[in-house]
Each structure stands twice: as C-alpha cells, then as structure tokens.
Amino acid sequence: MGIRMFVTEGLSSFKNALSDLFFPPTCPFCDSPDVDSGAWLCYDCTDSISKIEEPFCSQCGLPLPENNPDGALFCGQCLIATPAYHRARYGVKYKGTLREGLKRFKYGGALHATDALSGILIEAYRRHYEHDEFDLILPIPIHRKKLWERGFNQVIVLTEKLSRHVGIPMNRTCLRKSVNTPPQAGLTRHERLSNLRGSFIVSRPDAIKDKRLLLVDDVATTGSTITEAARTIRKAGAARVDALVLALTPMRGNDRP
Ligand SMILES: [Zn+2]
Ligand SMILES: [Zn+2]
C-alpha cells in the first residue's frame, strides 16, 4: 500500500469513526439504529431484499413461469415481438422496505440511501454483465418538468456510482425525455408502450453511433420504458442496447418467492 493511500484510508476511517460517534448511523430505508459499522442497511432490511433470480426470459429478463416445464429460454411476448434491446436484467423485487427506501430516495431526497441503492445496482450489474461489455452507460432521463418538481434525477445519481465502479463512462445528455407522459400506473403493457411512443429523443446521435450501450433505470413493471428508449436509441444508430433496472414490481405471474 502506497503512503498516500495509507494516509487517505487512515484519515477516512478516522473520519468515519468520528462521525459514527457523533452521528450514529441509522438505516436509510427504515430509520432503525441497528446498523453495523460499515453496513449500508439494518439487518432486517438487508434480509428482506429479494433478488430476481432464474428462471427468467433470456431477452427481456422478466420471470418465466415457476415450473417452466419445457425449459423455455424466452417468454411468449419476446417470441411474438422481439424488443429493440439485446437483453434486459433486473436486480431485486420492488417491494417491502426496498420500495420504501427507493421512494424516500426518489421523492423525499433521502440521499443517504445512495450507497445502499447503488450497491444493489452494482451487485446486479456484476451478476448479469461482464465488466467490459459496454462503451457507454445512459441513465433513463426524466422530463424537465419532473426534474424541476423533484430537483434531481435519482437514476443519474445511481448510474454515476455504477459508472465509476465499473469504469465505463456515463452520458447523461444525449438521451432526453421530450414529452412529459402521464403516469403509467393502472395501464396494460400495450397501453404503456403507446403512452411512451415517441417520448424520447437522441439529441446527439454522434455520441452513440455504433456504440454498445447500457440503459439504466430504477424501477420497472413491464419494461415498457426501456423498450421505448432502446427503440429510439437503436434508430439513432447504436450498435447494441442492453438494460439494467434496479427493481422490478412484482406482478401476477412474476412474483415467485
Ligand atoms: Zn432498515
Ligand atoms: Zn421475454
């Protein structure tokens, strides 16, 4: 270990110890004081997070039926209409304290949840993708009206951490949300897709031309946002688009224990 790193790390752990003494850490998802030193979350929240695991569709990443008797690789939807992306993958289920934590982060500005949430995103990346698979990472943008209301795009904050961790640059400006679409809740997959149709634009096609891109989002239900964003990006000249979403809303048929 170089002297500089030794001093930096030493100072940093000294600072952490001091801050633990004066500001004991609480769990950013549930406020429990039961957080071990160096941990992001309390034991209960850590324990309650459940990963999206196989079997899932090789392309869209959505869970396949529990018994999957034929050992199918693709879901019926992908066999009927192939999405514009190469693969989509999901980290964990959007439920319980994870859902509360993400809502606090997104709508309540609870930025102290950043490390926990980006840690889950980074873990999902490592589980599903190789370290050198992409040239560029693009966070899913929000419309400027939503940005003005919320004050920040939570996806950019998480993607920035992922980008730094995997060493792949992030571009936060070339994909834009040009239409402020109404909320998707209560809509079917088909309605969601038509609601979003044409709502993204690529402002700098030269930045993505012939590149291998990874789209990142925080929550998805049917995957319609990444489907429409990927369609727009492919049309603008990207070589390949994959997607990584932090959390997937469990729906009937995709909420296996
Ligand atoms: Zn907790
Ligand atoms: Zn599929």
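**Notes on helix and strand packing**

I began with a helix pair: helix 5 passes helix 7 in a right-handed crossing (left-handed if the near helix is turned anticlockwise from the far one by less than a right angle, right-handed if clockwise). Before going on, I noted that this is a predicted model, where local features need pLDDT of at least 70 and side-chain atom pairs count only at pLDDT 80 or more, while totals for chains, interfaces and linings use all residues. Residues are numbered from 1 along each chain as its sequence is written, and chains are lettered from A and ligands numbered from 1 in the order in which they are written.

**Helix 5 on helix 7**

I looked up the geometry: the axes of helix 5 (residues 114-128) and helix 7 (residues 154-166) come within 9 Å and cross at roughly 55°. Axes here are lines fitted to C-alpha atoms, for helices over the stretch in contact, with angles from 0 to 180 degrees between N-to-C directions. The two helices are therefore oblique to each other (under 35 degrees is roughly parallel, over 145 roughly antiparallel, 65 to 115 roughly perpendicular, the rest oblique). Who touches whom? On the helix 5 side I listed T114, L117, S118, L121, I122 and Y125, and they meet V157, L158, K161, L162, H165 and V166 in helix 7. Contact means that the C-beta atoms, placed from the backbone, lie within 7 Å. This contact divides into eight nonpolar, three polar and one charged residue. The classes: Ala, Val, Leu, Ile, Met, Phe, Trp, Tyr, Cys and Pro are nonpolar, Asp, Glu, Lys and Arg charged, and the others, Gly among them, polar.

**Helix 8 on helix 9**

Next pair: the axes of helix 8 (residues 189-196) and helix 9 (residues 224-235) come within 9 Å and cross at roughly 40°. That makes helix 8 oblique to helix 9. Their crossing is right-handed. R189, R192, L193 and L196 in helix 8 meet S224, T225, T227 and E228 in helix 9. I sorted this contact into two nonpolar, three polar and three charged residues.

**The sheet**

How many helices and strands are there? I found nine helices and six strands, taken as DSSP runs numbered from the N terminus (helices are H or I with at least four residues, strands E with at least two). An open sheet of four strands has the order 1-6-5-2, with parallel pairing. Pairing requires that DSSP finds at least two bridges between two strands. Strand 1 and strand 2 are the edges, each pairing on one side only. Neighbouring strands are turned by 20° against each other on average, direction ignored. Helix 4 (residues 96-107) packs on the sheet, touching strand 1, strand 5 and strand 6, and its direction makes about 105° with that of strand 5. Helix 7 packs on the sheet too, touching strand 2, strand 5 and strand 6, at about 130° to the direction of strand 5.

I then checked the bridges. Strand 1 and strand 6 (residues 240-248) share five, with A88 opposite A243.

Is strand 5 enclosed or open? Seven of the nine residues of strand 5 (residues 212-220) are buried, so it is largely enclosed by the rest of the structure. Buried means 20 or more other C-beta atoms within 10 Å of the residue's own, with C-beta atoms placed from the backbone.

Methods. Two residues are in contact if their C-beta atoms, placed from the backbone, lie within 7 Å. A residue is buried if 20 or more other C-beta atoms lie within 10 Å of its own, exposed if 12 or fewer, and partly exposed in between; C-beta atoms are placed from the backbone.
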